[in-house]
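Reader: I am new to reading protein structures. Could we go through this one together, step by step?

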Amino acid sequence: MTTQTTDTAQALRNAFGHFATGVTIITAMDAQGAAVGVTANSFSSLSLDPPLVLWSLAKTSSTYSVFEKATHFAIHVLDASQTSVAQHFAKRGTDRFASIGHTPGTGGVPLLADFHACFECETHSMTDGGDHTILIGRVMRTTERPGEPLLFYRGQFARAATLTAE
Ligand SMILES: Cc1cc2nc3c(=O)[nH]c(=O)nc-3n(C[C@H](O)[C@H](O)[C@H](O)COP(=O)(O)O)c2cc1C
């Protein structure tokens with residue numbers, strides 16, 4: 001057992017890492033019509049009625065000015081086979097769409113071909129969240145596919161194992 005005060009960013013990051021999440025790629029179109037995307041595990045469902053989801057984006061992200069203005073964004077929940085896609089969209093200083101195709105979805109939002117599930121959203125609102133901004137989206141369209149989800153746990157990619165209730 002490790003108990004620490006959260007006086008360092010690393011200690012807090014380590015504690016946050018004990019919460020297993022899925023992994024998503026979130027995309028939007030910039031004002032010139034170019035696609036941008038970022039790997040994010042901060043995605044969460046928020047409301048059924050109205051249908052809302054949320055995620056948070058670092059204010060230092062190279063994509064920040066695009067998502068801040070975007071009217072729509074798409075959240076692609078990754079499949080367990082897509083660790084390289086997750087790494088690709090987390091890499092700094094690259095044109096992430098140079099080698100990756102996309103098609104227009106709701107509001108022209110760039111859609112990736114491969115994913116486990118996709119939520120096409122209209123930007124509903126944005127809220128300050130410290131060094132991040134919380135983006136809330138109204139879900140306009142969902143797509144689900146068979147397969148298994150990619151997970152992120154304690155800084156590593158993982159896959160899910162189903163447990164039988166006793
Ligand atoms: C598994 C994983 C999850 C991530 N989740 C988030 C997130 O929820 N929000 C965020 O702003 N950055 C997140 N990042 C970091 C971004 O993907 C990206 O690496 C970082 O923002 C630096 O690139 P950028 O400045 O081009 O955005 C995550 C990275 C990884 C590998």
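This is a predicted model: local features need pLDDT of at least 70, side-chain atom pairs count only at pLDDT 80 or more; totals for chains, interfaces and linings use all residues.

Reader: In what sense do strands β2 and β3 pair, and over how many bridges?
Author: Start with where the strands are: β2 covers residues 24-29, and β3 covers residues 35-40.

Reader: Which residue in the hairpin of β2 and β3 takes a positive phi?
Author: Look at the stretch that links the two strands, which has five residues. One of the residues in this hairpin has a phi near 90°. That residue is G33.

Reader: Is strand β3 mostly covered or mostly open, and how many of its residues are buried?
Author: A residue counts as buried when its relative accessible area is under 20%. Strand β3 has six residues, and the strand is mostly covered. The number of its residues that are buried is five.

Reader: Is T27 buried or exposed, and which backbone oxygen does its side chain reach?
Author: T27 has its place in strand β2. With a relative accessibility of 0%, T27 is buried. Beyond its neighbours within four places in sequence, its contacts include V36, F67, H72, F97 and V109. At a distance of 2.6 Å, its side chain reaches the backbone oxygen of P110.

Reader: How far apart in space are M29 and P50?
Author: Along the sequence, 21 residues separate M29 and P50. In space, going from C-alpha to C-alpha, the distance is 24 Å.

Reader: How many disulfides does the structure hold, then?
Author: C121 is in no disulfide, as the nearest cysteine sulfur is that of C118, 8.1 Å away. Both cysteines are buried: C118 has a relative accessible area of 2%, and C121 has a relative accessibility of 0%. The count of disulfides in the structure is zero.

Reader: How much of the ligand does the protein bury?
Author: Around the ligand there are 16 residues, and S42, S61, S62, A90 and R96 come nearest. Oxygen atoms of the ligand lie 2.6 Å from an N or O atom in the side chain of S42, 2.8 Å from a polar backbone atom of A58 and 2.6 Å from a backbone N or O atom of A90. Alone, the ligand exposes 620 Å², and the share of this that the protein buries is 83%.

Reader: Which strands stand at the edges of the open sheet of three strands?
Author: The order of this sheet is β1-β11-β12, with antiparallel pairing. Strand β11 (residues 150-153) is joined to β12 by four bridges, and F152 has F157 in β12 as its bridge partner. A strand with a single partner has one side left without a neighbour in the sheet, so the edges are β1 and β12.

Terms used. Residues are numbered from 1 along each chain as its sequence is written. Side-chain values use heavy atoms; hydrogens and water are left out. Buried means under 20% relative accessible area, exposed over 50%, partly exposed in between (1.4 Å probe, protein chains only). Two strands pair if DSSP finds at least two bridges between them. A disulfide is a pair of cysteine sulfur atoms within 2.5 Å. A residue is near a molecule or strand if one of its heavy atoms lies within 4 Å of it. A polar contact is a pair of N or O atoms within 3.5 Å; within protein, one must be able to donate a hydrogen and the other to accept it, and residues adjacent in sequence count only if both atoms are side-chain atoms. Accessible areas come from the Shrake-Rupley method with a 1.4 Å probe; for residues, only the protein chains shown count as cover. Contact means heavy atoms within 4.5 Å.
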